[in-house]
Each structure stands twice: as structure tokens, then as C-alpha cells.
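User: I'm new to this one and would like to learn how to read it feature by feature. Could you walk me through it?

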Amino acid sequence: MIRIKVLKKNNNIEKITFRGHANYAEYGKDIVCAAASATVLTTINGILSLDSSTIDVIQKDNNIDISIIKHNNISDKLLSNMLNSLKTIRSNYPKNIEIIEEE
């Protein structure tokens with residue numbers, strides 16, 4: 001299962017952690033993992049292309065940590081859109097993705 005933890009402060013995303021594998025299918029054929037990965041990596045690349053000082057990303061194996069260094073309107077919207085997209089994937093595959101939001 002992919003476990004996503006979102007830490008918010010004043011309704012702004014401050015940190016997002018991604019752990020694990022969806023286990024919907026074997027590696028290389030897992031559509032849930034592919035959809036989640038594409039969503040996350042596209043968002044990260046988009047934010048970094050606009051302002052590389054906005055977020056800090058640490059990726060190791062099946063784990064990704066995104067820490068928000070500074071907020072701006074575009075990055076905050078991209079992160080919110082990413083979270084909404086992941087929630088849509090979760091609604092279709094609730095056994096494969098867990099999202100926990102903490103304030």
C-alpha cells in the first residue's frame with residue numbers, strides 16, 4: 001500500500017511523505033503505482049522548473065519526502081491539485097492508497 005502523509009499548517013501543505021508500493025500488481029505492471037508516481041513526479045518537476053527554491057525533495061527507493069520551503073500561489077495550487085488527483089486515485093483503489101492529513 002502507498003501511504004501518503006500530508007502535514008498542513010494554516011491550511012497550507014508543509015510536508016508530504018510517500019511510502020511504499022501500491023501492490024496492485026507486480027513491479028512494472030502496477031497501474032496504481034504508475035498513476036500515483038506520475039502525478040507526484042509531474043508536480044515536483046513542475047514546481048522545480050518554476051522555482052527550485054520552493055521545495056526540497058528527498059527520494060530514496062519507494063520513498064519520497066517533499067518539504068515546502070516557501071509558499072507561493074502557483075506552487076501551493078500545484079500541490080493542492082496533486083493531492084486532489086491522489087485522492088481521486090485513492091477513491092478508485094482504496095486498498096492500495098492511504099492518505100492521512102494532519103493539521
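Predicted model: local features only at pLDDT ≥ 70, side-chain atom pairs only at ≥ 80, totals over all residues.

**Reading the model step by step**

User: Is Thr17 buried or exposed, and how do I tell?

Analyst: Look at the relative accessible area: under 20% means buried. Thr17 comes in at 14%, so it counts as buried.

User: Which residues is Thr17 in contact with, apart from its neighbours within four places in sequence?

Analyst: Those are Arg3, Ile4, Lys5, Ile64 and Asp65.

User: Now the loops. What stands out about the phi of Asn10?

Analyst: Asn10 isn't a glycine, yet its phi is positive, about 55°. You'll find Asn10 in the loop between strand E1 (2–9) and E2. For accessibility, over 50% means exposed. Asn10 has a relative accessible area of 63%, so it is exposed.

User: And where is Asn23, and what is its phi near?

Analyst: Asn23 lies in the loop between E2 and H1. Its phi is positive too, near 60°, and again the residue is not a glycine. With 53% relative accessibility, Asn23 counts as exposed.

User: On to the helices. How do I read the way H1 and helix H2 cross?

Analyst: Compare their axes, each taken in its N-to-C direction. An angle over 145 degrees counts as roughly antiparallel. The axes of H1 and H2 (residues 73–92) come within 10 Å and cross at roughly 180°, so the two helices are roughly antiparallel to each other.

User: Which residues make that contact?

Analyst: From H1, they include Val32, Ala35, Ala36 and Thr39. From H2, Ile74, Ser75, Leu78 and Leu79 are among them. Sorted by class, the contact of H1 with H2 has 12 nonpolar and 5 polar residues, with no charged ones.

User: Last stop, the pockets. How much space lies in the largest pocket?

Analyst: About 230 Å³. Its lining is made of 14 residues, and those nearest the centre are Gly20, Cys33, Ser37, Asn62 and Ile64. Strand E2 (12–19), helix H1 (31–50) and strand E4 (63–68) are the elements that give two or more residues to this lining.

User: Which element gives the largest share of the lining?

Analyst: That's H1, with 5 residues.

User: And how do the lining residues divide by class?

Analyst: There are 7 nonpolar, 5 polar and 2 charged residues around the largest pocket.

Conventions
Residues numbered from 1 in each chain as written. Heavy atoms only, no water. 1 Å grid on protein atoms, 1.4 Å probe; cavity = no way out; pocket = protein on both sides within 12 Å on 5 of 7 lines; lining within 4 Å. Points joined across faces, edges and corners; volume = space filled by probe spheres on them. Helix = DSSP H or I, 4+ residues; strand = E, 2+ residues; numbered from the N terminus. Nonpolar A, V, L, I, M, F, W, Y, C, P; charged D, E, K, R; others polar. Buried < 20%, exposed > 50% of the residue type's maximum accessible area, 1.4 Å probe, protein only. Contact = heavy atoms within 4.5 Å. Axes fitted to C-alpha atoms, helices over the stretch in contact; angles between N-to-C directions. Parallel < 35°, antiparallel > 145°, perpendicular 65-115°, else oblique.
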